[in-house]
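Keep the 3D view open and find each residue as it comes up.

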Amino acid sequence: QTCALPISAFGPNGLVAVGSTDGYVYFYKLNPLTHKIDLLDKKETKGAVDSSPTFGPDGLIAVGSNDKHVYFFKHNPNTQKIKLLDKKETGGWVRSSPAFGPDGLVAVGSNDNHVYFFKHNPRTHKVEFLDKKETEGAVYSSPAFGPDGLVAVGSNDKHVYFFKYNSQTQKVELLEKHKTGG
């Protein structure tokens, strides 16, 4: 099988996470003693990983898989261990790269025509499903967070959707959608 190499930006402490079509997420780090890149760990998903892993606060790493799940890993910089915290099911393949927002919010698109919202609690280390919002097409693009809890994401229905997260009510609402040229 070929490696699609959806590489994330470097995370804290020089950690790199790479998704592969073999169904694994690989975690690498530069070894300061040998000046070589060490494979720290690899974690299996049950489908190809076309999503780029993304790094959030507190060593949290999120990545989508074609097994219809979003995986949440935790990196411990002291032990260099990678632990699977949770995986959350969606209704379709997850090729969108997750985005981290305010207050532990994570948004990710799925090819089941929904944008999923999860909330990470750093005190309990749990990831909870918060909401999902329907679009009229598969969501392969990666959400982007703006100011004040604004989330923008494109859909294959030729629209860009704008959602608003309210941290007091813990709700996500559709603000607007705008047609694009394709």
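Start with Tyr26, which is buried, with a relative accessible area of 15%. Here buried means under 20% relative accessible area, exposed means over 50%, and partly exposed is anything in between, using a 1.4 Å probe and protein chains only. Tyr24 is partly exposed at 21% relative accessible area.

Some ground rules before going on. This is a predicted model, so local features need pLDDT of at least 70 and side-chain atom pairs count only at pLDDT 80 or more, while totals for chains, interfaces and linings use all residues. Residues are numbered from 1 along each chain as its sequence is written, and side-chain values use heavy atoms, with hydrogens and water left out.

**Aromatic rings**

Rings of Phe, Tyr and Trp (its six-membered ring) pair if their centres lie within 6.5 Å; planes under 30 degrees apart count as stacked, over 60 as edge-to-face and the rest as tilted. The whole structure holds 10 aromatic pairs. Tyr24 and Tyr26 form a tilted pair, because their ring centres are 6.1 Å apart and their planes meet at 45 degrees. Phe117 and Phe163 make an edge-to-face pair, with 5.7 Å centre to centre and 75 degrees between the planes.

Where do Phe117 and Phe163 lie? Phe117 is in strand 10 and Phe163 is in strand 14 (residues 159-166), so the pair ties together parts that are 46 residues apart in sequence. Strands are DSSP runs (E, at least two residues), numbered from the N terminus. Phe117 is buried, with a relative accessible area of 0%, and Phe163 is buried too, at 1%. Elsewhere, Phe72, Tyr116, Phe118 and Phe129 form one aromatic cluster.

**The nonpolar core**

A nonpolar core is a set of buried Ala, Val, Leu, Ile, Met, Phe, Trp, Tyr and Cys residues joined through side-chain atoms within 4.5 Å. The largest one has 12 residues, including Leu60, Phe72, Val106, Phe118 and Val127. Strand 5 (60-64), strand 6 (69-76), strand 9 (105-110) and strand 10 each supply at least two residues of this core. For a closer look, pick Phe72: leaving out residues up to four places away in sequence, its contacts (heavy atoms within 4.5 Å) include Leu60, Val106, Phe118 and Val127.

**Charged side chains**

A salt bridge is a side-chain nitrogen of Lys or Arg within 4 Å of a carboxyl oxygen of Asp or Glu. By this rule there are five salt bridges; three of them are set out here.

| Salt bridge | N to O distance |
|---|---|
| Arg95 and Asp50 | 3.2 Å |
| Lys133 and Asp131 | 3.3 Å |
| Glu136 and Lys177 | 2.7 Å |

Glu136 sits in the loop between strand 11 and strand 12, and Lys177 in strand 15, so this pair links distant parts of the chain, 41 residues apart. Glu136 is exposed, with a relative accessible area of 57%, while Lys177 counts as partly exposed at 34%. Arg95 counts as partly exposed at 30% relative accessibility, and Asp50 does at 27%. Asp131 counts as buried at 19%.

Now look at Lys29, in strand 2 (residues 24-30). Lys29 is buried yet has no salt bridge, and the nearest side chain of opposite charge, Asp38, is 9.0 Å away. For that search, Lys and Arg count as positive and Asp and Glu as negative, while His and the chain ends are not counted. Not counting residues up to four places away in sequence, Lys29 touches Asn13, Gly14, Lys36, Ile37, Asp38, Leu40 and Gln80.

**Strands side by side**

Two strands pair if DSSP finds at least two bridges between them. Strand 10 (114-121) and strand 11 (126-134) pair in the antiparallel sense over eight bridges. Across this pairing, Lys119 stands opposite Glu128 in strand 11. The hairpin they form has four residues between the strands, and there His125 takes a positive phi near 60 degrees. Thr124 lies in the loop between the two strands and is partly exposed, at 42% relative accessible area.

Which strands are at the edges of the open sheet of four? The sheet has the order 12-13-14-15, with antiparallel pairing. Its edge strands are strand 12 (144-145) and strand 15 (171-179), each pairing on one side only. Strand 12 is joined to strand 13 (residues 150-155) by two bridges, and Phe145 has Val151 as its bridge partner in strand 13.
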